[in-house]
Amino acid sequence: MSKPAVTELLQAAVDAVKGTERPGQAAMAEAVAEAVDAGRHLLVQAGTGTGKSLGYLVPALAHGERVVVATATLALQRQLVERDLPRTVEALHPQLRRRPEFAMLKGRSNYLCLHRMHEGVPQEEEDGLFDPFESATPTSKLGQDLLRLRDWSDETETGDRDDLKPGVSDRAWAQVSVSSRECLGASKCAYGAECFAEAARERAKLAEVIVTNHALLAIDAIEGAPVLPGHEVLIVDEAHELVSRVTGVATGELTPGAVNRAMRRVAKLVDEKAADQLQTAAETFERLMELALPGRLEKVPEDLQYALMALRDAGRTCLSALGNTRDKSVQDEDAVRKQAKASVENVHDVAERILEGSEFDVIWYERHERFGASLRVAPLSVSGLLREKLFADRSVVLTSATLKLGGDFNGVGASLGLAPEGLGDEEGDAAAETPPWKGLDVGSPFDYRKQGILYVAKHLANPGREPQRTDMLDELTELVEAAGGRTLGLFSSMRAARSAAEELRGRLGLPILLQGEETLGELIRRFAEDAETCLFGTLSLWQGVDVPGPNCQLVVMDRVPFPRPDDPLMSARQKAVEEAGGNGFMAVAATHAALLMAQGAGRLVRATGDRGVVAVLDPRLERARYGGFLRASMPDFWYTTDRNQVRRSLAAIDEGVKRG
């Protein structure tokens with residue numbers, strides 16, 4: 001019996017969700033089916049409203065082999081597991097004659113640990129010997145969270161933190177969860193048979209479709225020991241986020257707090273000499289970090305080298321001592337030992353990595369007002385890692401609404417370790433080193449030129465380093481006034497967002513919400529419910545707001561969102577491209593800005609009836625040589641620099657909504 005055509009299957013799935021067939025979705029489904037059947041790699045740009053989830057789920061399910069779907073956001077993971085997959089599986093059953101199983105799998109620390117819940121957290125000396133559940137007063141926020149977690153542990157079927165509504169603080173969750181390094185292992189744990197994380201893994205082993213996140217995908221690639229079951233097809237949704245998520249997983253950090261915590265945890269389990277060695281090294285490191293100035297360390301200074309050698313050697317001594325001793329007087333020794341080992345291993349491994357001084361790593365100091373100084377190390381690039389680990393032995397489909405930057409896929413492809421499109425097919429070394437791939441832009445169901453305007457305020461002065469741009473604030477005030485509110489303000493820094501919110505609250509009688517003054521979910525809900533309300537904020541708003549309809553008709557960007565000039569990792573990446581003979585600014589800074597601007601502009605049109613303006617209050621988008629590259633990365637809105645035209649358009653849209 002021949003396989004049913006992917007177009008027929010897609011139609012059945014679309015009917016099941018009471019949707020309408022879209023040409024872009026059909027083109028995507030056919031391209032994914034072709035790539036998966038041929039074992040090839042595909043990059044698909046599918047604009048908002050295409051229905052890309054069905055565009056890859058239908059051909060993936062039809063293929064019949066195990067598929068991993070990795071996404072960046074919790075919202076999309078939930079949508080796939082709770083809505084899209086159940087409906088699609090049911091809709092395809094008559095033609096496929098099977099109901100593929102699906103499951104969600106996350107990192108271990110996302111699941112409640114029953115051992116921690118019932119035995120308590122191994123305590124540090126300075127904390128005193130007490131059960132956090134008993135000591136946290138029921139009236140405190142921590143106490144309330146812990147009591148609610150205890151009740152929830154008896155009723156939850158998944159133990160998944162994201163199923164707990166409302167959520168709890170990170171501090172509370174840390175009392176009831178463990179990292180993979182801290183876990184005792186199912187065979188050694190008294191609660192192994194009931195373990196939520198192990199149950200999730202078992203479900204994943206039996207599933208044909210596994211939904212996970214970019215972070216777990218990165219851990220699976222980096223750490224060597226496989227976390228995900230073997231699979232023939234990998235689909236990466238929200239793929240524009242993948243490089244930054246993989247970089248985050250591959251970044252190591254040392255802080256005085258983490259070193260002292262490791263010291264306290266291991267002290268009760270090793271001999272006095274080993275404990276003293278780590279304490280001395282910790283004190284030296286802490287003194288050094290008090291003087292640390294933020295910025296990149298091109299070369300590790302001598303005093304830091306000595307401090308790191310001391311930490312590495314003391315860590316090694318403690319790890320050896322841990323393996324040679326048992327102390328039955330320590331309550332719940334296995335858990336205490338595992339937690340201590342995990343903490344010391346991290347200190348040892350990061351210190352050793354920095355001392356190795358790989359040319360492929362970037363090392364820098366960071367200083368936070370609240371958390372103090374930290375020493376960090378991250379890969380200069382993750383492209384080699386992704387090329388080697390991601391694209392071997394399976395078909396990979398990467399999709400997002402923003403993968404074409406400046407008009408082609410090559411910028412994103414390069415960040416993933418891919419040669420320019422078509423070159424991987426050539427004979428010789430290039431073919432061996434870089435897997436062949438194809439790029440496909442299936443467009444969007446929206447008529448961007450009729451639905452939106454891209455306005456660049458070319459009369460303004462170029463933004464400088466000063467936080468207060470008076471001409472920009474005047475322009476912003478006039479635009480928000482013309483729109484009657486309905487404004488999402490996307491700012492390049494929290495300081496700029498705060499300054500604009502305070503200024504416009506004084507000038508206009510409109511409610512202006514500011515990121516950080518309430519939870520993000522609550523802010524977006526209030527913004528979506530009231531037409532006159534504006535919402536101002538930074539990075540998470542550039543990508544995380546989905547407000548179709550008339551309440552978001554003006555999206556403002558205060559400036560082109562280049563990385564900060566003092567960002568050590570971005571600066572190092574830019575310099576490396578230049579030293580290799582490339583254009584570092586275009587490859588790193590402009591590509592970073594293009595991705596954010598494409599995402600930010602995508603907040604405007606979320607449905608076929610949406611109308612509005614994206615206003616960029618930075619004349620460089622019009623005047624600078626790279627302006628064309630950035631504009632080509634954004635939706636194809638009607639373009640203007642005429643400020644009066646834009647005010648009239650905003651006022652007309654506002655009037656039309658009020659009348660309508």
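1. Strand 5 and strand 10 (residues 395–400) pair in the parallel sense through four bridges. Here strands are DSSP runs of E with at least two residues, and helices are runs of H or I with at least four, both numbered from the N terminus; two strands pair if DSSP finds at least two bridges between them. Valine 236 has leucine 398 as its bridge partner in strand 10.

2. This is a predicted model, in which local features need pLDDT of at least 70, side-chain atom pairs count only at pLDDT 80 or more, and totals for chains, interfaces and linings use all residues. Residues are numbered from 1 along each chain as its sequence is written, and side-chain values use heavy atoms, with hydrogens and water left out.

3. Strand 2 (residues 67–71) also runs parallel to strand 5, joined to it by four bridges. Alanine 70 is the residue opposite valine 236 of strand 5.

4. In a regular strand, side chains alternate between the two faces of the sheet. Both faces of strand 5 (residues 233–236) are covered, with Val233 and Ile235 buried on one side and Leu234 and Val236 buried on the other. Buried denotes under 20% relative accessible area, exposed over 50%, and partly exposed in between (1.4 Å probe, protein chains only).

5. The whole structure contains three cavities of 30 Å³ or more. A cavity is a set of points, on a 1 Å grid over the protein atoms alone, where a 1.4 Å probe fits but cannot get out; lining residues have an atom within 4 Å of a point. Helix 5 (114–119), helix 9 (196–206) and helix 15 (333–356) each contribute at least two lining residues.

6. The second largest cavity holds about 60 Å³ of space. Among the residues that line it are Lys106, Arg108, Tyr111 and Arg201.

7. Seven aromatic pairs are found in the whole structure. Rings of Phe, Tyr and Trp (its six-membered ring) pair if their centres lie within 6.5 Å; planes under 30 degrees apart are stacked, over 60 edge-to-face, and the rest tilted. Phenylalanine 446 and tyrosine 448 form an edge-to-face pair, because their ring centres are 6.1 Å apart and their planes stand at 80°. Both phenylalanine 446 and tyrosine 448 are buried. Ring pairs link Phe446, Tyr448 and Phe637 into a cluster.

Methods: On a 1 Å grid over the protein atoms alone, a cavity is a set of points where a 1.4 Å probe fits but cannot get out, and a pocket is an open set with protein on both sides within 12 Å along at least five of seven lines; lining residues have an atom within 4 Å of a point. Grid points are joined across faces, edges and corners, and a volume is the space filled by probe spheres set on the points.
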